[in-house]
Amino acid sequence: MPSSPPAKKRKSCIENYFQVQQKSAKPDSKVNEKNDKDNEKNDKDNEKDVTLSDIISKKLTQVEWTLINENNLNISYAVILRADQRFAIFNQLESEIEYFTGELAKVKVFGKIYNIPRQQSAYGDPGITYRYSGTTVPSKPWCPGLANLRDLVEQYAGVRYNFVLVNRYKDGDDKMGDHKDDEKELDPNVPIASLTLGAERDFIFKHQDRKKNNLENVKILLKDGMLLLMKKPTNTFWYHGLPPRKSCHQPRINLTFRQILN
Ligand SMILES: O=C(O)CCC(=O)C(=O)O
């Protein structure tokens, strides 16, 4: 599986992409057939190197962000992908992502081992691991689809990510329990960026002292193509989870991009 270039080299990949875009935007010219042929050849060569690049514009489109910043909940969210992009990306991820099996598909809760109620995988820079709920999750080398989405998300978030946790929910029976992403190895200054593809699902934030402080839960409908940024100090004070939804019969893939310090 091809691995993605290290962070420093990524900028030049993005610049190359813009050059490809400019080239393919040139109008046909009968006068300079040689240039056309060269461009065609370059476009074909570039197609070999890029996968999602031809459908994800690295030029940021204007999106409408919703911001919530109250009671230490500091989040923003927006749909960043068009419908045609979402469909193609979902299919590419379905063909590229390999999910964990065996021990890595299980979780320990209060000393008992359970199957994770969804499929899970992780991709990242070489050597990056993530430890949570007593499990050390290794990362596979970035696959092309995830590397392209990482580059796109990095531009919206304005930070770098070296790891992505992938969760696949086959339908509304699959779920994620309440938890805080507050592990020490997560860079607290880098928001966790959560990208949803496929079925929409509710995402519930619950404050750790909600009873004492009389704070209501905050429910966000995570839609296809939506990016949610969880900024500090959200994960110090708020749990989040994805409850089951019986009426949902479609799959959903969620990507949480993170910056791990290890
Ligand atoms: O699927 C989701 O949106 C939940 C993801 C999540 O909470 C996590 O990866 O920590």
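What we have here is a predicted model, and I will start with the shell around the ligand, whose residues divide into five nonpolar, five polar and one charged. Those residues are Leu165, Asn167, Met176, Asp181, Ser194, Phe203, Leu222, His240, Leu242, Asn254 and Thr256, and the elements that contribute two or more of them are strand E9 (163–169), strand E15 (238–242) and strand E16 (252–258).

Turning to the sheet, we find an open arrangement of eight strands with mixed pairing, in the order E1-E2-E14-E11-E16-E9-E5-E8. Strand E1 (66–70) and strand E8 (140–141) stand at the edges, and each has a single partner strand, so one side of each is left without a neighbour in the sheet. Within that order, E9 and E16 pair in the antiparallel sense over seven bridges, and asparagine 167 stands opposite asparagine 254 in E16, both of which are also among the residues around the ligand.

H4 packs on this sheet, touching strand E5 (119–124), E9, E11, strand E14 (226–230) and E16, and its direction makes about 125 degrees with that of E11. Helix H3 (residues 83–96), for its part, lies across strand E11 (192–198) and E16, running at about 100 degrees to E11.

How far apart are the end C-alpha atoms of helix H4 (residues 144–157)? They are 20 Å apart, which agrees with the 20 Å that its 14 residues should span at 1.5 Å a residue. Buried residues in H4 include Leu146, Leu149, Arg150, Asp151 and Val153, and just after the helix glycine 158 takes a positive phi of about 75 degrees.

Terms used: Residues are numbered from 1 along each chain as its sequence is written. This is a predicted model: local features need pLDDT of at least 70, side-chain atom pairs count only at pLDDT 80 or more; totals for chains, interfaces and linings use all residues. Helices (H or I, at least four residues) and strands (E, at least two) are DSSP runs, numbered from the N terminus. The expected span of a helix is 1.5 Å times one less than its number of residues. A residue is buried if 20 or more other C-beta atoms lie within 10 Å of its own, exposed if 12 or fewer, and partly exposed in between; C-beta atoms are placed from the backbone. A residue is near a molecule or strand if its C-beta atom, placed from the backbone, lies within 6 Å of it. Ala, Val, Leu, Ile, Met, Phe, Trp, Tyr, Cys and Pro count as nonpolar, Asp, Glu, Lys and Arg as charged, and the others, Gly among them, as polar. Two strands pair if DSSP finds at least two bridges between them. Two residues are in contact if their C-beta atoms, placed from the backbone, lie within 7 Å. Axes are lines fitted to C-alpha atoms, for helices over the stretch in contact, and angles run from 0 to 180 degrees between N-to-C directions.
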